[in-house]
Amino acid sequence: MQVPGTQFAGRNQSSVGNTERGRPMNSTHNLDGKLDIFRKRLSRCYTSTLNHIKPLAWSEKFSLDLSDILLEFEGVPITQGGEDEGEKRRSLSSIFELYKKTQKSPRCVLVESPLGSGKSTLLASIAVNWGLSQRNWAERFDYVFLIRLREVEDGESMEEIILDQCLPSEDEDIHREVIDHLLHKSKARILFVLDGYDELHAGCKKKNGTIPKLLSGKIFKKTHILVSSLPSSGIEENLKVEQRVWVSGIARENVAPCIERYFNACSRPELALELQSALRDAYTIPEDLLKSPIFLVLLCLVWEESLDAYRVLSNRMTLTGLYKEMLTSGVRRYCRWKHIDMLDDDDLPQNLSDCLKTLGQAALEGVKTHRSHFDVSEVTPDGRDIDFLLRLGMVSRVPTASKRHPREQITFNHKTMQEFLAARYIAVSHSCSPTKIQELISTIDASLEYKTLLQFLCGFNEQTAIVVFQQVCKLYSYFLKGYRDAYYEGTVVGETARTYSDYMIMCLLSLRESQSRYIVAKVMSPVFHSINLSLCASCRLSAALKYLLQVAGNDVRQLKICFLNPGDDAAANYVTSLLSRSFPRLQLDVRLFDCQVGADRMGILAVRLRSAPCLQTLYLEGTHLDDEAAEALAHALFYVPLLEELELSNNQIGDPGMTAISKEIHNVPNLTFFGINDNDIGDASIVAMSTRLKHLPALRELRLGGNSLSASGIRTFFAVIPNMRNLDTLDLSSSSKDPARMDAKTVTSLVQAFPRLTALVILKLQNLAMKKAQLEKIMKAAEEHTKLHKIWCSKNLVADVSKIRVQSRITLN
């Protein structure tokens, strides 16, 4: 009997769990009936076993529905062409949108993210949603088969895998008959949901294995596949990825509801407000950790149990210190349960110490081999003390999906937890010798792969940190030293630039963990000679940089810091605090874009600039500066004589502020770039500036466009401009709100200035109205006297611009 492929979608789903519960399979004689019962049992299997989660193995009072967690994840999809769609983040519930169009939906979707970010939760929720006919999954697919790839055995067929993992054990013969029909004879719409390609056994990854053949389309090529994996698992060898989804964890705005849910379950809602308040001010914890559900739960646990909870999130606390608190909290929890006296946090009972050592050894081997799941016998002495490990909160028991090959396994809840325990094992077992560290990180790429492990190692003790830093410095000398200056200048791009940047960040964060002045002064100074970083004012990296300057500021000779946080009012305060001591030889670049500075912060920052007389770049674009702020900055120019670039565009500086800066501009004779576009300056400012340009012989780029300039002011500017033999870019555009008109006298003044602007390449005259003949006169004079090859003008303000003769060298924009 032929079965239509779509007749099962969403049928009778409201009765799952009731219909056919008592009817034996062998009483159904037609295939339709068998398929119907098969589908209901498959649905019931998902909804009864996957829909409820107890994230804390020892706590019955705290449980979550799968839907509670799913709503708090976000994803970053990527286009089918492989190009990132940008900063577009979506709730992972919208992953169904990928399959909405029947004809154009991708066959293979790859879900990636680090350990503990929510991949398995996402995949389980899809199976549950299908079983409950929610979110349109049951309407789109007739069958969803959720398969845990770690439980697939070598040589198993797809029929055997589905029978083993997706269905109850009764009536296997009838189930087998139905599965065979669905996979080989029907036109049913099937979605394979494959969890954990990185956990698939090596023997199952061979090209003739069932899973590789499924991924490559050699079998069941008309089915759809949604597969999860850790990054860099090598899945692309078997799978043509048509769509990628990155699971980034809990959205920041949903952290508070998660905290509230935990403390409400504990009947202590007041602690939720305390923890949320502490998190707003803390930057000890990396952003990606706060997006991990299990980490957030453990943080709530530590906050609940700690006698000095605020110390846990103090900005003096290192990440290593925070994880030590989590570990100690788990040990105390176990000792209370077993009525064991624990006199000191570091004085563990011998059996618990041995158990932690075995767990740490397994964690280290797992880090090296990219394993996170272990048989219980691998991580406990003789298979005992599993309750102790579970109460630590860093590992969880893995429920087995296989009926034929059941395993008692545990998994680390997050990769950082595994790396912390691995680092602890190295530190406490005294196995951190130079030889072993050299074997672990023999290349730059290896050091970046184990960067979090190295940070934890540096956080345990000074001796371990010294060994790590010595090897890291050797790698720098061998591979990256030649790129240092080029990277600082921004001339290195691509993979090399990313490697150098990641390496520098790793070194700074490891330094922050180590808290050791000796290491910085004696070991790391060559690495920190030149630093180029994009920062957020309140983050671990900014704290690490501040610590570096406190303990070894004299070793840093070049520092370029850039803040790209719109509306951030902490960036200026951070830079001010960074300059709390004097750095007489530091070549400093400070770039604040669209940050909240204003007059008050600028006044304080201007005073602190005296601590950095070698300041070379100061970008304050879009930072809400007014005349008062500009006057404060003008007074500071005397103390920064080596300044080369000054950017003040997109502010509210008027004529008084600009005039004050013009009077002091002679104090920075090395200035090569000066930008004050889109402010409130008028003719008075431009006249004041034009008379001072003689003090800036090195100036290459001058931007005064987008202000209230009149033809008279522009004419005066060109009439008095001195010889500027290095100026290659000049912007004198008018404001778009009130366009000025270039009259004949102004054009003549401009043309007469060309011999004094012999290096001019780009001239911007946008929002200036002029006649066709006037523009042609400018272009003709430029042909004869300068290197000018590009003129920017507003073509709608120039009459008959389309009929202007095309010059040999000059183009109009």
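# Briefing: a look around the fold

At 2% relative accessibility, I721 counts as buried (buried means under 20% relative accessible area, exposed over 50%, partly exposed in between, with a 1.4 Å probe and protein chains only). This is a predicted model, where local features need pLDDT of at least 70 and side-chain atom pairs count only at pLDDT 80 or more, while totals for chains, interfaces and linings use all residues. Residues are numbered from 1 along each chain as its sequence is written, and side-chain values use heavy atoms, with hydrogens and water left out.

**The overall picture**

- The protein chain has 33 helices and 25 strands; helices (H or I, at least four residues) and strands (E, at least two) are DSSP runs, numbered from the N terminus.
- Of its 813 residues, 57% count as buried.
- Take the contacts in the protein chain with a separation of 6 or more: 78% of them come from residues 24 or more positions apart. Contact here means heavy atoms within 4.5 Å.

**Nonpolar cores**

- The largest nonpolar core has 209 residues, and L299 and F528 have the most contacts inside it. Such a core is a set of buried Ala, Val, Leu, Ile, Met, Phe, Trp, Tyr and Cys residues joined through side-chain atoms within 4.5 Å.
- Setting aside neighbours within four places in sequence, L299 is in contact with L275, L279, I285, L290, L313, L322 and M326.
- There's also a second, separate core of 61 residues, with L122, A138, I211 and L239 among them.

- I721 sits in the loop between α31 (711-720) and β20 (729-731). Not counting residues up to four places away in sequence, I721 touches L693, A753, R756 and L757.
- I721 and T691 are 30 residues apart along the chain, with 6.9 Å between their C-alpha atoms.
- L454 belongs to helix α20, and this residue is buried with a relative accessible area of 1%. Beyond four places in sequence, L454 touches I441, S447, V468, M506 and S510.
- The C-alpha atoms of L454 and L509 are 9.6 Å apart, and 55 residues separate the two along the chain.
- As for helix α20 (residues 451-460), nine of its 10 residues are buried, so the helix is largely enclosed by the rest of the structure. The buried ones are T452, L453, L454, Q455, F456, L457, C458, G459 and F460.

**The β10-β12-β11 sheet**

- Three strands make an open sheet in the order β10-β12-β11, with antiparallel pairing. Two strands pair if DSSP finds at least two bridges between them.
- β10 (373-375) and β11 (395-398) are at the edges with a single partner strand each, so one side of each has no neighbour in the sheet.
- From one strand to the next, the twist averages 35 degrees. Axes are lines fitted to C-alpha atoms, for helices over the stretch in contact, and angles run from 0 to 180 degrees between N-to-C directions.
- β11 and strand β12 (residues 409-412) run antiparallel and are joined by four bridges. One of the residues to check is S396, whose bridge partner in β12 is T411.
- Helix α14 (residues 350-369) lies across β10, β11 and β12, at about 70 degrees to β12.

**A parallel strand pair**

- Strand β15 (residues 587-593) and β16 run parallel, joined by six bridges. D589 stands opposite T617 in β16.
- β16 (residues 615-621) is mostly covered, with six of its seven residues buried.

**Where α13 meets α17**

- The axes of helix α13 (residues 319-338) and helix α17 (residues 415-428) come within 11 Å and cross at roughly 90 degrees.
- That makes α13 and α17 roughly perpendicular to each other; angles under 35 degrees count as roughly parallel, over 145 as roughly antiparallel, 65 to 115 as roughly perpendicular and the rest as oblique.
- On the α13 side the contact uses T320, Y323, K324 and L327, and on the α17 side T416, M417, F420, L421 and R424.
- By class, this contact has five nonpolar, two polar and two charged residues. Ala, Val, Leu, Ile, Met, Phe, Trp, Tyr, Cys and Pro count as nonpolar, Asp, Glu, Lys and Arg as charged, and the others, Gly among them, as polar.

**Positive phi without glycine**

- S267 isn't a glycine, yet has a positive phi of about 60 degrees. S267 lies in the loop between α8 (255-265) and α9 (269-281) and counts as exposed at 60% relative accessibility.
- H370 isn't a glycine either, and has a positive phi of about 60 degrees. H370 is in the loop between α14 and β10 and counts as partly exposed at 48% relative accessibility.
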